[in-house]
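Please look at the sequence and the structure shown below before reading on.

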Amino acid sequence: MTVARKTIGERLAQLEAQRKTLQIRLGKQERAIDTRRKVLIGALVLHRLEHDRDVQIGGGLAAWLRSELPKFLTREGDRDLFDDLLKPQLHEPSRGNIGNVGNGSAAS
């Protein structure tokens with residue numbers, strides 16, 4: 001019984017295929033971590049908006065998001081996901097009274 005030995009070229013090809021497979025796995029793992037981080041940060045922001053009555057955190061954050069999100073959201077339908085947040089709130093202080101949130105401009 002003879003055991004066929006792989007040539008160096010065959011072994012290199014096999015190692016290259018394994019490397020590519022591991023690179024793909026690593027990319028998926030990095031994207032999963034990035035997505036998880038975004039979900040957790042988003043959950044924290046939403047929690048603060050819903051539960052923090054402190055104007056500096058809850059009100060200031062809501063005003064800042066209303067200012068920044070429209071510029072950030074570029075995909076069709078993404079703004080619809082934030083309709084409740086993007087509408088100005090009646091009890092929210094005017095943007096000029098918020099302090100250091102944003103750049104203080106009143107442009108929309």
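**From the chain to one residue**

Of the 108 residues in the chain, 17% are buried, where buried means under 20% relative accessible area, exposed means over 50%, and partly exposed lies in between (1.4 Å probe, protein chains only). This is a predicted model, in which local features need pLDDT of at least 70 and side-chain atom pairs count only at pLDDT 80 or more, while totals for chains, interfaces and linings use all residues. Residues are numbered from 1 along each chain as its sequence is written, and side-chain values use heavy atoms, with hydrogens and water left out.

The chain contains 4 helices and 0 strands; helices (H or I, at least four residues) and strands (E, at least two) are DSSP runs, numbered from the N terminus. Read from the N terminus, the order of the elements is α-α-α-α.

The largest nonpolar core has 8 residues: Leu49, Leu61, Ala62, Leu65, Leu69, Leu73, Leu85 and Leu86. Such a core is a set of buried Ala, Val, Leu, Ile, Met, Phe, Trp, Tyr and Cys residues joined through side-chain atoms within 4.5 Å. Two or more residues of this core come from each of α2 (55-72) and α4 (83-86), and α2 gives the most, with 4 residues.

The surface of the model also holds pockets. A pocket is an open set of points on a 1 Å grid over the protein atoms alone, where a 1.4 Å probe fits, with protein on both sides within 12 Å along at least five of seven lines; lining residues have an atom within 4 Å of a point. The largest pocket is lined by 18 residues, and Lys38, Gly42, Leu69, Phe72 and Phe82 lie nearest its centre. At least two lining residues come from each of α1 (8-51), α2 and α3 (78-81), and α1 gives the most, with 8 residues.

Phe82, one of the residues nearest the pocket centre, lies in the loop between α3 and α4. Is Phe82 buried, partly exposed or exposed? Phe82 has a relative accessible area of 26% and is therefore partly exposed. Not counting residues up to four places away in sequence, Phe82 touches Leu69 and Leu73, a contact being heavy atoms within 4.5 Å. Leu69, in turn, is in contact with Phe82, Leu85 and Leu86, leaving aside its neighbours within four places in sequence.
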